Amino acid sequence: MSVELDVFVGNTTIMDKEVYQLWLNGYTVNDAVKVRIEGGVMEECEASAEVLLSDTMDQYRTFQMCERLLHHPAKLANQLLFQIPPDRQAMLIERYYAFDDSFVREVLGKKLSKGTKKDLDDVSTKTGITLKSCRRQFDNFKRVFKVVEELKGPLVENIRQHFLLPDQLARDYAAIVFFANNRFETGKKKLQYLTFQDFAFCAGQLINNWTLGAVDNMMEDMDVDLDKEFLQDLKDLKILITDKDLLDQHKSLVCNALRGKTNVFNEMEANFKNLSRGLVNIAAKLINAKDVRDFFIDLVEKFIEPFSLCLLYMGVIKSCILRMYHD
């Protein structure tokens with residue numbers, strides 16, 4: 001049975017955004033065709049299943065040929081094989097390097113090695129993300145890490161320039177690189193309530209204030225390595241919990257800065273000594289690699305949980321007092 005088709009020839013590469021996303025998500029050609037049929041594309045285009053299959057296969061081949069260029073985004077603009085408008089190039093790059101928060105949450109802080117990659121089967125099963133998509137995302141993390149780990153200058157800017165990513169995505173990759181380099185523990189049960197964006201915010205603060213790049217933005221180790229001299233100096237903070245005058249002065253400065261800016265100010269002020277002791281003890285141990293890796297779990301166990309328990313107790317006390325007053 002013959003099929004008549006209208007054919008045209010042009011020099012602009014046709015790429016369907018929906019099909020591209022299906023390819024990125026790891027769908028096979030047949031599964032992608034099913035999704036397109038369920039989406040009503042056959043009725044929209046008045047095409048047969050055979051034509052839709054052929055179109056999907058053709059676009060998948062195009063994406064596969066473009067993939068080697070997407071590994072080095074700057075090459076995409078200079079190659080002559082595919083005529084792709086600049087706005088479409090930007091879309092291809094951004095979507096290729098986009099990642100699922102549930103996936104990155106599983107690998108955040110782990111070494112980007114073959115050993116971790118072998119565990120992606122389990123990650124795929126746990127997250128419901130196809131194994132092919134998990135591998136693409138992992139390889140992207142590893143590729144960005146390898147390119148920027150030895151570059152001088154600000155980490156976010158290096159990522160943005162070398163991979164042509166939008167600002168927010170470049171900042172997210174900077175967080176991933178920073179956590180992978182310092183091997184922060186993020187997988188413990190007590191940390192599961194924290195999202196990737198929670199950790200990304202913390203990474204931004206640490207990069208801007210605790211790294212070598214925060215001191216000199218042209219250092220060899222740029223924004224990846226924590227400033228060891230700074231961590232060493234944190235030991236001196238212990239005087240804030242051993243000297244009463246300094247403790248009172250510290251409390252006064254912190255309370256003045258936070259007054260009117262938090263709805264738990266009274267509770268914080270009443271428990272300042274214990275809270276300060278918890279933070280200072282964490283800071284004083286950060287000269288050890290293991291304590292650096294456990295930084296976030298220590299914050300939860302030695303600061304956040306005690307303060308939360310304090311808020312709970314004070315809430316119960318207030319409730320009892322109000323009930324007594326009412327009675």
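Q: Why does Val 280 count as buried?
A: Its relative accessibility is 5%. Buried means under 20% relative accessible area, exposed over 50%, and partly exposed in between, with a 1.4 Å probe and protein chains only. Val 280 therefore counts as buried.

Q: What kind of model is this, and how are residues numbered?
A: The model is predicted: local features need pLDDT of at least 70, side-chain atom pairs count only at pLDDT 80 or more, and totals for chains, interfaces and linings use all residues. Numbering runs from 1 along each chain as its sequence is written, and side-chain values use heavy atoms, without hydrogens or water.

Q: Which residues is Val 280 in contact with, leaving aside neighbours within four places in sequence?
A: Leu 237, Lys 238 and Ile 241. Contact means heavy atoms within 4.5 Å.

Q: How do you know that the span of α19 agrees with its number of residues?
A: Val 280 sits in this helix, residues 272–284. Helices are DSSP runs of H or I, at least four residues, and strands are runs of E, at least two, numbered from the N terminus. The expected span is 1.5 Å times one less than the number of residues. For the 13 residues of α19 that gives 18 Å, and the end C-alpha atoms are 18 Å apart, so the two agree.

Q: Which residues of α19 are buried?
A: Phe 272, Leu 275, Ser 276, Gly 278, Val 280, Ile 282, Ala 283 and Ala 284.

Q: What makes up the lining of the second largest pocket?
A: On a 1 Å grid over the protein atoms alone, a pocket is an open set of points with protein on both sides within 12 Å along at least five of seven lines, and lining residues have an atom within 4 Å of a point. Here 21 residues qualify, and His 250, Leu 275, Ser 276, Leu 279 and Phe 303 lie nearest the centre. The largest share, 7 residues, comes from α19. Helices α17 (244–258), α19 and α21 (295–326) each supply at least two.

Q: How many residues of this lining are nonpolar, polar or charged?
A: Ala, Val, Leu, Ile, Met, Phe, Trp, Tyr, Cys and Pro count as nonpolar, Asp, Glu, Lys and Arg as charged, and the others, Gly among them, as polar. By that rule the lining holds 18 nonpolar, 3 polar and no charged residues.

Q: Why does Asp 291 count as buried?
A: Its relative accessibility is 14%, so Asp 291 counts as buried. The residue lies in α20 (289–293).

Q: Which side chain makes a polar contact with that of Asp 291?
A: That of Asn 288, at 3.1 Å. A polar contact is a pair of N or O atoms within 3.5 Å; within protein, one must be able to donate a hydrogen and the other to accept it, and residues adjacent in sequence count only if both atoms are side-chain atoms.

Q: Why is Trp 23 called buried?
A: Its relative accessible area is 4%, so the term applies. Trp 23 belongs to α1. Not counting residues up to four places away, Trp 23 touches Tyr 60, Phe 63, Gln 64, Glu 67, Tyr 96 and Lys 132.

How values were computed:
1 Å grid on protein atoms, 1.4 Å probe; cavity = no way out; pocket = protein on both sides within 12 Å on 5 of 7 lines; lining within 4 Å.
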